[in-house]
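Please keep the structure open as you read.

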Amino acid sequence: SAVILIFFILILLSTLIDISKDPRNDHFFKSISYFRYFFLFLVSSCLVRSGKFKIKYFLVSCLVCPLFLSLDIIYQLLNGSDMFGFVGYEGHDEADPPSGKSKYHLAGFLKHEYVAGGYIQKFFVFALILIPVIWKKLDKQKFLISTVLPIIFFVGILFSGNRVPFVMSCVSILLMIILIKELRLSLAIASLFCVLIFTITIKMNDRVGIPYKSFESNFSSMTAKIKKYAFKRYPELKKGGKYLFRQKHKRSKELQSRYELVPFASGHAVIYLTAIDVWTDNPIIGHGIKSFRIKCLTKLYLPNRVCSSHPHNYYLELLNDTGLLGTLLFLFAVFYLITNKFFNFKYYEKNEKIFFICLLVIIIAELFPLKSSGSFFSTTNSSFIFLILGMLNGLKKEK
């Protein structure tokens, strides 16, 4: 708890220091209000430790909501519209998808918020431990249920078109097969069906298959581009020459002919390059909370740089906003919580052991360093991260 508190204090201090240097930074109140997630961490920790946290109700909600969304997405793919009549990508012109989003995404009742796969992936691990472990009255049916459920969640994430959550769901299922013996056989059988469904789907349905077929090549290409252009200096270009590589005028075209420009594509490569540049300007304590959208403006005179609301990677955002010090503090807190509970693992009861493994799997998937992500400091992600860490901290420390 002390290290987590220091992390939050550092966010406030780094923001205040940057405000004193840059009048464009107006995030003081955001750095103050962000402390609400520290209190969420404390409250969830105390509730779990005191035994007042109603784990069954929480797990039921983690089952019902993602399950309904998964079924809605499956229905949307097969029917062209979801259960509430919201039209999926099949009802839109391929050249003009809704809200400028990819024509390969489905969101079910979330309509044009294409984050359904990420939502299911965040909570489905909790759902998988509910019926086979907590509800012992369903002992006869639990093998069948624990085999069918992961297939439904897998297909829901697959059809959503969210590729990173799809990969993380596969990682989560693999870890659960290794770590939870009560679910090992059912998840192994479910995985075979999932592989079969995935293979058939990407061959027979281009809407679903195209994004996944290009995922590996896109990742390799992006990694090579980042390795080639990260930390590259351009002394011949003067700082302050804004938008030279994005504005459509003669000078810009002349500059573009002299430099190799990375195709924008998904935008992740150029965003990551910009985030690395911004971080190197203040590598120790960063620039303060949600500062990337401001600081990226100072890099637009360079080739292969672009602005965005956040760096689309947790670690790059932490480095930008809290520096190396804040990033290491946060990672140390997570590592300490995991190892502290792991060394007391033998004292836990059966359900407590499974709950700890569940939290561990979720943390690994959520904080996987190579994945693209939303903003670490957004309401959704911060709430989820510090709720999970609070639950982990609340597990009893000793026999």
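The report below goes from the whole chain to its cores, an aromatic pair and the cysteines.

**Ground rules.** This is a predicted model, in which local features need pLDDT of at least 70 and side-chain atom pairs count only at pLDDT 80 or more, while totals for chains, interfaces and linings use all residues. Residues are numbered from 1 along each chain as its sequence is written, and side-chain values use heavy atoms, leaving out hydrogens and water.

**The whole chain.** The chain holds 17 helices and zero strands; both are DSSP runs numbered from the N terminus, with helices (H or I) of at least four residues and strands (E) of at least two. Of the 399 residues, 51% are buried. Here buried means under 20% relative accessible area, exposed over 50%, and partly exposed in between, with a 1.4 Å probe and protein chains only. Among contacts (heavy atoms within 4.5 Å) with a separation of 6 or more, 75% are between residues 24 or more positions apart.

Confidence is given as pLDDT, the predictor's score for each residue from 0 to 100. The average is 83, and 87% of the residues reach at least 70. Residues 90–101 have a pLDDT below 50, and this stretch has 14 contacts in the model beyond near neighbours in sequence. Where pLDDT is low, the predicted coordinates should not be read in detail.

**The cores.** A nonpolar core is a set of buried Ala, Val, Leu, Ile, Met, Phe, Trp, Tyr and Cys residues joined through side-chain atoms within 4.5 Å. The largest one has 84 residues, and Phe-126, Phe-330, Phe-376 and Phe-386 have the most contacts inside it. Helix α16 (residues 350–366) contributes the most, with 10 residues. Apart from this core lies another, of 22 residues, including Ile-226, Tyr-229, Cys-296 and Val-306.

Take a look at Phe-126: setting aside neighbours within four places in sequence, its contacts include Phe-58, Cys-62, Cys-358 and Met-391. Ser-70, in helix α4 (residues 55–79), is buried because its relative accessibility is 0%. Beyond residues up to four places away, Ser-70 touches Ile-120, Ile-152, Phe-153 and Gly-156.

**An aromatic pair.** Rings of Phe, Tyr and Trp (its six-membered ring) pair if their centres lie within 6.5 Å; planes under 30 degrees apart are stacked, over 60 edge-to-face, and the rest tilted. The count by this rule is 32 aromatic pairs. Phe-123 and Phe-384 are both buried.

**The cysteines.** How many disulfides does a search of the whole structure find? There is one disulfide, counting pairs of cysteine sulfur atoms within 2.5 Å. Cys-296 is joined to Cys-307, S to S 1.9 Å. The S-S torsion is about 110°, so this disulfide is right-handed. Both cysteines lie in the loop between α14 (292–295) and α15 (314–342), so the bond ties together parts 11 residues apart in sequence.

The sulfur of Cys-358 is 8.2 Å from the closest cysteine sulfur, in Cys-62, which is too far for a bond.

| Cysteine | Relative accessible area | Class |
|---|---|---|
| Cys-296 | 0% | buried |
| Cys-307 | 27% | partly exposed |
| Cys-46 | 52% | exposed |
| Cys-358 | 0% | buried |
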